[in-house]
Amino acid sequence: MAVNLVNVEAVSKVYGTRALLDGVSLGVSEGDRIGVVGRNGDGKTTLIRMLAQLEEADSGRVTHVGGLRLGVLTQHDSLDPAATIRHEVIGDMADHEWAGSAKIRDVLTGLFGGLDLPGFGQGLDTVIGPLSGGERRRIALAKLLIADQDLIVLDEPTNHLDVEGISWLAKHLQSRRSALVCVTHDRWFLDQVCTRMWDVQRGAVHEYEGGYSDYVFARAERERIAATEETKRQNLMRKELAWLRRGAPARTSKPRYRIEAANELIADVPPPRDTSELMKFANARLGKTVFDLEDVTVQAGPKVLLKHLTWQLGPGDRIGLVGVNGAGKTSLLRALAEAARTQGDVQPAAGKIVVGKTVRLAYLSQEVGELDPNLRVLEAVQKVRDRVDLGKGREMTAGQLCEQFGFTKEKQWTPVGDLSGGERRRLQILRLLMDEPNVLFLDEPTNDLDIETLTQLEDLLDGWPGSMVVISHDRFFIERTTDKVYALLGDATLRNLPRGLDEYLERRQKVVDAAAAAAPAPVAAAKPEKSSGDVRAAKKELQKIERQLSKMSDRETVLHAQIAENATDFGKVAELDAELRKLIGERDELEMRWLELAEDA
């Protein structure tokens with residue numbers, strides 16, 4: 001029988017006049033893999049912080065089993081800015097120790113792309129202080145995953161990871177024995193990793209069996225039976241369920257629920273998009289030309305990101321753009337946007353971009369544009385337009401569109417300066433759509449958005465007639481909103497991938513495998529074949545060195561203690577320090593010899 005690791009009993013938490021959690025009782029057992037979902041501000045992070053005993057409840061209690069080994073990734077790391085990556089992640093482990101650990105090698109390669117940390121100037125010896133928030137977060141995640149835990153609690157672990165990194169993390173967590181509680185808005189990741197879901201809503205936590213796809217079905221079924229939720233929300237859930245059941249195959253890995261009930265639930269739900277109808281409407285709004293690229297070269301400073309690119313973005317095209325970091329995804333969009341802004345007057349380093357005369361572009365960048373903090377939400381939207389034409393006879397007022405994006409009538413009168421990061425992101429997208437563009441560039445649109453807002457955005461984009469390019473690490477969002485996937489693989493070319501993101505990950509894995517196979521080739525060619533006697537001798541010497549290193553480690557500990565004891569005796573300290581320096585020098589030589597012998601053995 002599985003051991004109960006954490007008990008949450010009748011826990012309540014109030015902020016100001018709002019009850020985030022009201023009498024919640026939950027448990028986490030060995031082997032549990034729990035995904036936590038809910039709207040921004042509904043208490044997901046508060047719940048897991050209390051679960052990890054990082055925050056106290058107003059009432060109720062949280063208990064941990066004795067000796068629980070707990071690892072927590074919060075949204076703000078506690079890394080020492082003066083320390084190096086080596087110190088925080090590897091600790092005081094010698095090179096031969098961590099290099100011999102398959103788990104450490106896997107984590108470093110999966111999160112950083114190699115044992116030498118190619119994205120960091122000094123590798124493991126890079127000082128943490130000057131690094132970006134995303135780089136620090138990956139370091140904190142690596143530190144957590146290298147340790148052994150009974151329970152791992154993760155708050156938005158996929159933030160700042162690319163498609164490959166998210167895929168690696170999902171596989172890594174699947175292979176661990178640790179129990180897991182994870183807050184994330186990445187629905188593909190939830191489906192891959194989780195076997196239970198907690199939905200935080202209005203102070204309560206509803207539990208569901210299965211991953212995200214199972215949760216969507218169960219929640220839609222519960223709401224249909226209870227008939228207590230508003231019609232809009234029911235329709236959105238049913239529409240997403242239809243997408244999950246009809247879309248990419250095998251999304252629901254564990255079909256615990258009645259297939260007949262699922263099919264009955266979505267029998268009258270149309271496909272998410274009427275592609276041919278949208279294409280006709282897009283042609284009417286845009287004409288034949290949107291963007292035509294002829295032999296284009298895109299540069300970032302002196303670095304050539306794309307060369308000899310001939311490509312066409314046509315009316316109604318819905319493109320997902322993926323690729324390794326630094327390959328030029330954002331630079332390509334910026335080049336197109338600049339050509340559109342100047343009607344073709346500003347061109348790339350080489351080649352030509354032809355822009356359609358009717359193109360009306362809206363570009364959502366990764367940075368949240370600054371708005372007057374004193375404006376109310378509704379005022380900020382009305383400054384763009386009072387009403388918006390969504391096509392096919394659909395029209396919405398600014399207030400109606402605000403409600404669709406989660407800004408209730410009360411929230412619409414909140415000053416922009418009081419909004420959270422996710423709410424500002426929502427407002428930014430909303431203002432873009434209010435301007436009635438016919439071409440959309442979305443660069444990481446899912447940043448800071450909760451799942452419910454994402455489904456509302458996807459629903460809105462389903463009926464939006466125009467051309468669209470989406471850059472995102474959210475695999476679910478790309479598959480849900482686009483029809484074709486193009487990839488930049490770091491070789492200055494743009495490729496169409498008929499099989500989408502699965503094909504992209506396969507191609508990237510081949511590149512990684514080829515690089516790994518090529519790396520040791522010169523060393524192997526230079527070394528003669530080792531006889532069995534040589535291998536035995538190397539193994540014997542290895543064992544001898546390991547015993548010596550163990551004794552040296554013990555002696556080093558003793559010397560540090562003696563230096564501390566004799567801190568006021570400068571003569572004695574100098575003598576002990578000289579011995580310590582000599583010992584460290586000998587240890588370094590032995591470790592280098594160990595690495596040479598390990599290769600031979």
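Predicted model: local features only at pLDDT ≥ 70, side-chain atom pairs only at ≥ 80, totals over all residues.
**View 1. Helices α4 and α6 pack against each other.** Angles over 145 degrees count as roughly antiparallel, so that is how α4 and α6 run relative to each other. On the α4 side, Asp106, Val107, Gly110 and Leu111 make the contact, and they meet Gly165, Trp168 and His172 of α6. Sorted by class, this contact has three nonpolar, three polar and one charged residues.

**View 2. The second largest pocket holds about 890 Å³ of space.** Its lining is made up of 27 residues, and those closest to the pocket centre are Thr109, Gly110, Gly113, Glu164 and Arg508. Two or more lining residues come from each of α4, α5 (133-146), α6 and α18 (500-518). Helix α18 gives the largest share, with six residues. In the lining as a whole, 12 residues are nonpolar, nine are polar and six are charged.

**View 3. Six strands build an open, mixed sheet.** Follow the strands across in the order β5-β6-β7-β3-β8-β9. At the edges sit β5 (70-73) and β9 (204-209), each pairing on one side only. Direction ignored, neighbouring strands are turned by 15 degrees against each other on average. Within this sheet, β6 (residues 151-155) and β7 (residues 179-183) pair in the parallel sense over five bridges. To find your bearings in β7, look for cysteine 182, which has leucine 154 standing opposite.

Terms used: Residues numbered from 1 in each chain as written. Heavy atoms only, no water. Axes fitted to C-alpha atoms, helices over the stretch in contact; angles between N-to-C directions. Helix = DSSP H or I, 4+ residues; strand = E, 2+ residues; numbered from the N terminus. Parallel < 35°, antiparallel > 145°, perpendicular 65-115°, else oblique. Contact = heavy atoms within 4.5 Å. Nonpolar A, V, L, I, M, F, W, Y, C, P; charged D, E, K, R; others polar. 1 Å grid on protein atoms, 1.4 Å probe; cavity = no way out; pocket = protein on both sides within 12 Å on 5 of 7 lines; lining within 4 Å. Points joined across faces, edges and corners; volume = space filled by probe spheres on them. Pairing = 2+ DSSP bridges.
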